[in-house]
Amino acid sequence: DMQIRLNASVTDPRLESVWLHLQNISPSNYSTLQSGDEFYQTISLQNASPDTIISWQFWANDTAGNLNSSPFSSFYILNRPPSATLTYPNGGEYLAGTKTITWDASDPDGTPLSISLYYSTDSINWSPLAVDIPNTGSYSFNTSPLPDSQTYWINISAYDLNFTVYDISDSSFAIDNTPPLIASWNRSPQDPLYNDMEIKLNATVADLNLDSVWLFINNGTPSNYTPSQSGSEYFYILSGNLSPGQTIEWQFYANDSAGNLNASPLSSFYIENRIPSFEILSIDNGSGWGEIWTFSLNVSDPDNEVLNVSLFAKSPLGSWNFIDSQASAPGNVMFSDRFFDESYIGNSQIKFSVSDAFSTNSSQAIDIFVDKDNVVMEINKGNNTGVVRDTEDTITFGSYVYDADKGQYVSGIQCYFNLTKDGSLPYDITFSNATSDDGNCTYTLDPDESYSFGKQYWISWTNGSPYYKMANSSQGIFY
């Protein structure tokens, strides 16, 4: 890779040309440069082979055709040794399957190198791996045929026809094509399992080069978990995040430093669902159909789920109807509302059901008596009013009938008026009518001479109906 200057002093009055001739290098003839009587040329030795003798001489001729040359001289092209460095595996690695051996090798003289690779388990006795391969810098190394061992070395040799250099791994590396052993995977306790239990999943894992162990659990959302370790046992405890009626899948995984992976068989278990229960605390009974009825019960669930609590009712001539429901955590539940209409008057029944996501528990039918509803009558016309008898003068008595439970006036109900004639009780005469759409009951009186002068008394009342109880107004006065 050097350049060399060759020169000679040439004189002749009729000098025509000077050139340089070399042997064992190409090209062989070179023109020269001149400086006074000195003729010279700088030759690059890149095309010369190492370990070669180069011969050279100057030639000159003149215009008369005379020719002369210098004696042959020579010099020697040295051959320098190559260099080689193993870069992988160089110690401390874990190899499995096919890996790539890498190296850096070069020759300062540019001579192509022949590479050979060897392996050893004691760094003393070597076995050929690849011999006389090109200097590509890498080699695909299939470790599978070799037995597992913690102590392997690689030796690389680089040869340039004159010199051979070596480099071996700085320290041993491991070949491990055996995945970790996973044994004795187990679960405790055994079936049946409930969501308030602690469930232990465990396995025994063994490997000389064990790297990591993890547990795959799919409880609706697949996730990996890091187990605890006690010697060769790895375990994980599940608690508090399981749902009844759920199938849980689980599987242990382990890999080693060489990248070998193993897994236990995919296993599963089922979280049983337990039926919810309830206790009836109080039942309203005998109230009117339009009134607020209140029922209370205590619901419980061993799985502590949110429960759906429902109320059903059956009229004397009807079938079971859904009335109301509410979602509730275990504890006290109260139903309180105007649940019934007129059709439930008489001997009716109610029942409850408590459900979770998988099961329902229902009560027996419970007998209740639904009474007619209460109404009130209030005077709204004809109180403390006077009338002249035996004339065209009249007086109108009025009361309205009101269902306070339902907050509405009652129409179409038969109503009555009792009046005195002689100013003293008991009442002497009765008149009847029916309430109008707005709940009013009225009667207009045109008194004759049978009514005495002065204060008289009157009262309104209803004898009830299929849906309402009897009621009467307060006592009124007319003159």
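Student: How much of the protein is buried?

Tutor: Burial is judged by relative accessible area, with under 20% counting as buried. In this predicted model, buried residues make up 39% of the 479 in the protein. The accessible surface comes to about 24600 Å², and carbon and sulfur atoms hold 47% of that.

Student: What does the radius of gyration say about the overall form?

Tutor: Set the value beside the one for a compact globule. For 479 residues such a globule would have a radius near 23 Å, but this protein has 59 Å. The C-alpha trace spans about 190 × 65 × 30 Å along its principal axes.

Student: How many helices and strands are there?

Tutor: Zero helices and 43 strands. Among contacts with a separation of 6 or more, 62% join residues 24 or more positions apart.

Student: Which residues of the largest nonpolar core touch the most other members?

Tutor: A nonpolar core joins buried residues through side-chain atoms within 4.5 Å. The largest one here has 39 residues, and Phe295, Phe335, Phe340, Ile350 and Leu419 touch the most other members. Strands that each supply at least two residues of this core include S28 (293-300), S32 (346-355) and S38 (414-419). Leaving aside residues up to four places away in sequence, Ile350 touches Phe295, Trp320 and Phe340, among others. A second, separate core has 21 residues, including Leu113 and Leu117.

Student: And how many charged side chains are positive, and how many negative?

Tutor: There are 17 positive and 54 negative side chains, and the centres of the two sets lie 15 Å apart.

Conventions
Residues are numbered from 1 along each chain as its sequence is written. This is a predicted model: local features need pLDDT of at least 70, side-chain atom pairs count only at pLDDT 80 or more; totals for chains, interfaces and linings use all residues. Side-chain values use heavy atoms; hydrogens and water are left out. Helices (H or I, at least four residues) and strands (E, at least two) are DSSP runs, numbered from the N terminus. The radius of gyration is taken over C-alpha atoms; the globule rule is 2.2 Å times the number of residues to the power 0.38. Buried means under 20% relative accessible area, exposed over 50%, partly exposed in between (1.4 Å probe, protein chains only). Contact means heavy atoms within 4.5 Å. Accessible areas come from the Shrake-Rupley method with a 1.4 Å probe; for residues, only the protein chains shown count as cover. Lys and Arg count as positive and Asp and Glu as negative; His and the chain ends are not counted. The place of a charge is taken as NZ of Lys, CZ of Arg, CG of Asp or CD of Glu.
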